Amino acid sequence: MSVTLHNPDGLPKPDVYRQLSVATGSRLVFLAGQVARAADGSKVGEGDLAAQVEQSYLNIATALAGVGGTFDDVAKLTVYVVDWSPDKLPLLGEGVARAAARLGVDPVKPITLLGVAALGEPDLLVEVEATAVLP
């Protein structure tokens, strides 16, 4: 199984994500949106976007480990940020970088970023969905 990332000619070549991934394997994994909750359900990073992004990415890795995968198996991410504005980009990047360092992975994936009015609980600032491909 592998996920190969590409920035095809004719499209912009961003530094922080890739335009597409090609995944080979036999099991598709669709994760529910992950939020800033610890395993016991307690809140993580209340009011802190970077901390919430970090926890969401860590939760993705934990979920994938539970089915024999890793963050490297992620083929696509969708990130929902409450009241998105471009000035939040550094905090988003900080949270991703901290999670990547803790997990020892390259977090660069095809990603869709959406600004939303609210999430399922009022303290949540971000929710991250993932699609992965496992052998």
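How far apart are the mean positions of the positive and negative charges of the protein?

1. The mean positions of the 10 positive and 16 negative charges lie 4 Å apart. Lys and Arg count as positive, Asp and Glu as negative, while His and the chain ends are not counted. Each charge is placed at NZ of Lys, CZ of Arg, CG of Asp or CD of Glu.

2. This is a predicted model, in which local features need pLDDT of at least 70 and side-chain atom pairs count only at pLDDT 80 or more, whereas totals for chains, interfaces and linings use all residues. Residues are numbered from 1 along each chain as its sequence is written, and side-chain values use heavy atoms, with hydrogens and water left out.

3. The protein has two helices and six strands, in the order β-β-β-α-β-α-β-β along the sequence. Helices (H or I, at least four residues) and strands (E, at least two) are DSSP runs, numbered from the N terminus.

4. Of the 135 residues, 39% are buried (under 20% relative accessible area; exposed is over 50%, partly exposed in between; 1.4 Å probe, protein chains only). Among contacts (heavy atoms within 4.5 Å) with a separation of 6 or more, 72% join residues 24 or more positions apart.

5. N59 is part of helix α1, residues 49-65. Is N59 buried or exposed? N59 is buried, because its relative accessible area is 13%. Leaving aside residues up to four places away in sequence, N59 touches Q34, V35 and R37.

6. The C-alpha atoms fill a box of roughly 40 × 35 × 25 Å, taken along the principal axes.
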